[in-house]
Protein chains: 2
Amino acid sequence: MRRSVIRSAKALSNCSCQNHWNVRLLRPLASSPSRFLSSTSVLDSPTPPPSSMPPVSLDNINPKVLKCEYAVRGEIVTLAQALQEELKSKPGSHPFDEILYCNIGNPQSLGQQPITFFREVLALCDHPSILDRSETQGLFSADAIERAWQILDQIPGRATGAYSHSQGIKGLRDTISAGIEARDGFPADPNDIFLTDGASPAVHMMMQLLIRSEKDGILCPIPQYPLYSASIALHGGALVPYYLDEATGWGLEVSELKKQLADAKSKGITPRALVVINPGNPTGQVLAEDNQRGIVEFCKQEGLVLLADEVYQENVYAPEKKFHSFKKVARSMGYGEKDISLVSYQSVSKGYYGECGKRGGYMEVTGFGPEIREQIYKVASVNLCSNISGQILASLVMSPPKVGDESYESYSAEKDGILSSLARRAKTLEDAFNNLEGVTCNKAEGAMYLFPCIRLPEKAIKAAEAAKTAPDNFYCRRLLNATGIVVVPGSGFGQLPGTWHFRCTILPQEDKIPAVVSRLTEFHKSFMDEFSD
Amino acid sequence: MRRSVIRSAKALSNCSCQNHWNVRLLRPLASSPSRFLSSTSVLDSPTPPPSSMPPVSLDNINPKVLKCEYAVRGEIVTLAQALQEELKSKPGSHPFDEILYCNIGNPQSLGQQPITFFREVLALCDHPSILDRSETQGLFSADAIERAWQILDQIPGRATGAYSHSQGIKGLRDTISAGIEARDGFPADPNDIFLTDGASPAVHMMMQLLIRSEKDGILCPIPQYPLYSASIALHGGALVPYYLDEATGWGLEVSELKKQLADAKSKGITPRALVVINPGNPTGQVLAEDNQRGIVEFCKQEGLVLLADEVYQENVYAPEKKFHSFKKVARSMGYGEKDISLVSYQSVSKGYYGECGKRGGYMEVTGFGPEIREQIYKVASVNLCSNISGQILASLVMSPPKVGDESYESYSAEKDGILSSLARRAKTLEDAFNNLEGVTCNKAEGAMYLFPCIRLPEKAIKAAEAAKTAPDNFYCRRLLNATGIVVVPGSGFGQLPGTWHFRCTILPQEDKIPAVVSRLTEFHKSFMDEFSD
């Protein structure tokens with residue numbers, strides 16, 4: 001597949017590409033009756049407006065909010081929720097009896113069990129008064145009790161219900177930086193850690209810091225995780241796309257970065273940062289270390305902040321691949337604080353832990369001067385702190401039980417069971433997609449997703465046009481209606497114009513995978529039969 | 001006290017009043033060496049910049065971030081943290097042996113204990129596999145176990161580690177809306193509830209929705225809780241101040257609202273919303289129902305969204321005062337969905353529960369059309385959901401144990417103990433402040449703060465000028481250095497020009513209050529002696 005058409009950064013950032021990016025069409029403003037109630041007319045009017053006209057309408061809210069889209073919980077999911085209600089009220093009303101949410105990396109919603117040790121510690125920290133009770137010895141492992149005590153001792157006054165330092169509890173940041181050091185073999189500083197409610201708020205914080213206007217550009221992979229496009233839209237910046245090469249397993253080529261950077265600059269955009277998602281979302285590739293060195297060098301040369309989304313660092317399935325943090329790569333090149341500005345995102349929602357609902361995560365911020373760190377701290381302080389359970393969990397994820405600990409055996413068995421099962425599921429689904437007519441699917445070397453490419457027949461594209469939707473959205477809607485399987489159209493992530501994809505998680509439980517495969521296969525066959533040219 | 005000088009909305013929003021609002025002076029940009037590294041020069045340069053020059057500097061970050069200030073965790077707190085380190089490394093190095101954080105409404109950091117029932121339920125939901133174990137019966141109350149089962153049954157798949165619906169778990173929203181109905185006597189709809197990580201993100205969401213540019217104004221009380229000024233600055237809007245009348249116990253007069261609204265409009269500002277904090281922060285007043293009716297009528301007439309900060313709804317100490325939600329007031333006036341757009345904020349951080357670290361809260365959004373609700377939902381969905389423990393706690397706070405439940409007695413005793421102690425502490429501190437020379441202090445009818453007014457001698461004002469700081473900041477710094485007591489200067493909240501205040505929480509534990517009072521009194525006397533004219 002060739003990158004034959006490179007869309008301009010400006011066009012993307014200005015969202016003139018609505019049919020490509022935004023599947024859901026916005027209500028046409030010109031024909032909206034509420035258009036005639038501008039706030040000015042209200043204010044100039046001596047009499048109050050009729051009570052049926054609300055002071056807030058699509059015409060007078062922040063246009064950045066209107067522009068923002070987040071397909072992972074977009075139209076297809078809303079349709080799925082409605083179907084689920086129908087199934088509840090009228091069982092048998094559809095050719096399936098459950099909705100299977102493959103739209104989102106939400107492992108526990110599909111039956112993945114939490115790691116016992118982590119939950120034991122969380123429960124004990126939530127209700128420390130049972131720590132001294134004899135019954136507790138019977139209910140909880142000894143090392144969970146010990147860990148809970150350790151954590152409580154790191155919290156001033158053992159107050160798990162108090163606001164913490166706005167970067168997070170210092171002792172937990174110590175644990176996390178020790179975990180980073182053990183992972184990378186290079187020093188980490190607890191003062192560089194900002195604990196956040198999942199990784200998303202941390203991404204927003206950096207976008208808020210860097211973006212001054214629509215002339216500030218953020219280089220993002222296409223396809224990308226739509227948090228990035230949403231956050232750039234909300235902060236009013238320009239998304240500068242760089243395309244991953246599907247033909248080489250979603251390869252990230254520095255030559256492409258250079259080309260898009262030059263293109264953006266020629267359009268008057270000031271590139272501020274480069275987003276890299278490794279392992280890739282939605283694309284599942286794991287970057288080779290050599291490739292990462294090239295990216296680091298590029299950011300250093302161009303004075304770009306490297307925003308490294310590393311939330312899938314534990315999700316690597318390809319035996320020949322290994323996760324390397326960008327900080328480790330930069331340090332191993334001899335680049336320190338003064339050479340490159342680097343932010344690494346981690347989350348408790350992914351990995352083998354999959355604790356999405358706990359909203360824990362952190363960013364490690366290196367290579368910024370103290371005056372900038374102070375600004376980041378200030379913005380963090382406005383929201384006071386992230387939730388303490390999420391903070392505790394982030395520390396546990398970065399320092400799980402070790403050989404010799406009472407929980408080590410069960411912890412290892414749970415972890416290995418989850419990761420090896422994910423690897424098997426990824427392979428089975430990848431094979432299944434590749435067996436479908438007109439579908440090609442790269443390997444999920446890591447992360448939690450497959451992003452197959454569907455060559456849709458002309459007749460299907462026409463039908464989508466008639467239905468006033470994008471072809472990939474049309475396909476995903478039909479898939480949902482026929483099978484109850486929820487996936488996200490590629491247009492929500494970005495894709496080469498003229499190509500169509502969807503993102504499907506590898507998360508359905510293993511015993512359900514055969515049924516998923518046969519439902520998918522059957523649907524696809526009948527879809528292609530219906531629309532074959 | 002007369003509102004002799006009313007500052008213009010524009011002046012405030014443009015932050016030309018930096019000496020009044022922003023105590024911490026920003027590093028002078030003109031003299032910064034990094035000024036000469038603009039991103040343009042980096043990009044235009046054929047050779048990479050010297051590695052010691054970071055790509056991100058105060059000159060090229062988002063100016064809205066620079067503008068934002070949050071005094072509650074500002075300069076005085078940073079000084080206090082440094083003092084605390086000194087006390088740790090050199091005990092006896094200061095005339096006090098501990099730092100007493102009265103800067104922030106963080107009850108559990110000062111020793112307040114959590115409500116046992118709430119923590120039991122949270123622990124059980126964190127580790128549900130112990131629910132069936134016999135030891136659990138001995139450790140947890142029967143109604144906590146029952147409530148945990150109820151909550152788990154409301155969560156699809158009982159997965160407390162899964163992302164929830166982006167508004168929060170539906171069953172918990174049902175519980176919350178039932179709680180609102182019981183409180184107000186008017187219907188509430190679970191679809192109006194958006195659960196959030198504390199109230200702060202909910203405030204940001206509405207500011208993000210409403211503010212399009214610096215021409216959009218948000219009416220805020222002065223003094224205000226600086227989350228509002230910070231959020232308005234971050235979203236690039238105009239803070240339109242309305243002054244509370246200190247002479248009438250921080251009275252909120254509709255005539256003042258009208259005057260400031262007209263003034264803002266005459267300057268080309270479009271007012272979008274009115275923030276009311278009730279009970280007041282930092283001012284502690286509890287609004288009378290009649291006053292609230294006037295405010296509702298004003299918002300309805302002027303087409304303003306009413307943003308009602310009601311997080312202190314359980315903190316009412318004046319026996320003659322009662323909390324009424326603005327929604328109840330509006331509905332009792334016969335105003336429904338079509339008449340007024342109203343957002344009510346609630347949090348688990350305040351009340352008698354004080355669970356700041358759990359980051360639970362919600363907003364109830366009424367009187368917006370479905371197309372606007374969809375936009376709010378979309379923005380919420382970008383961050384997926386708020387943390388599940390916080391969601392659970394928000395539901396518990398709105399439906400605590402009832403008469404006849406096993407935990408009811410202990411729950412009631414804990415709650416009443418905390419609230420009656422807070423009332424006593426408020427009174428003792430209020431009296432102590434009023435006994436100081438040149439200090440007057442209104443009653444804390446509610447909330448968690450006192451906001452005394454200090455008439456500073458001319459000599460102290462001159463000394464502050466010489467020290468390049470605001471007089472109230474000067475006073476608070478001296479107070480900290482002499483006593484270890486941390487309070488927040490009034491300039492962080494806004495105050496009538498020429499008046500000086502500070503905010504002090506009523507949260508030190510009761511056995512510490514006498515020492516606080518005597519340290520305060522002694523300090524104040526020596527300060528006045530030193531600076532008396």
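Colleague: Which residues of chain A does UniProt list for the domain?
Modeller: The unreviewed UniProt entry gives residues 156-517 of chain A as "domain: Aminotransferase class I/classII large". UniProt positions follow the numbering used here, the feature name is shortened, and the annotation may be inferred rather than shown by experiment.

Colleague: And what is the basis of the model and the numbering?
Modeller: This is a predicted model, where local features need pLDDT of at least 70 and side-chain atom pairs count only at pLDDT 80 or more, while totals for chains, interfaces and linings use all residues. Residues are numbered from 1 along each chain as its sequence is written, chains are lettered from A and ligands numbered from 1 in the order in which they are written, and side-chain values use heavy atoms, with hydrogens and water left out.

Colleague: How far apart are the end C-alpha atoms of 156-517 in chain A?
Modeller: They lie 52 Å apart, and the span is 40% helix and 15% strand. Helices (H or I, at least four residues) and strands (E, at least two) are DSSP runs, numbered from the N terminus.

Colleague: What about buried area between them?
Modeller: About 8,800 Å², with 56% of that from carbon and sulfur atoms. Buried area is the accessible area (1.4 Å probe) lost by the two parts on being put together, summed over both.

Colleague: How many salt bridges cross the interface?
Modeller: Two, taking a side-chain nitrogen of Lys or Arg within 4 Å of a carboxyl oxygen of Asp or Glu. One of them pairs Lys358(B) with Asp126(A), at 2.4 Å from N to O. Over all chains, the whole structure has 46 salt bridges.

Colleague: Why does that pair join two chains?
Modeller: Lys358(B) sits in the loop between strands S7 (342-347) and S8 (361-366) of chain B, and Asp126(A) is in helix H6 (residues 116-126) of chain A, so the pair joins two chains.

Colleague: Which residue in S14(A) is the bridge partner of Pro489(A)?
Modeller: Phe502(A).

Key. Pairing = 2+ DSSP bridges.
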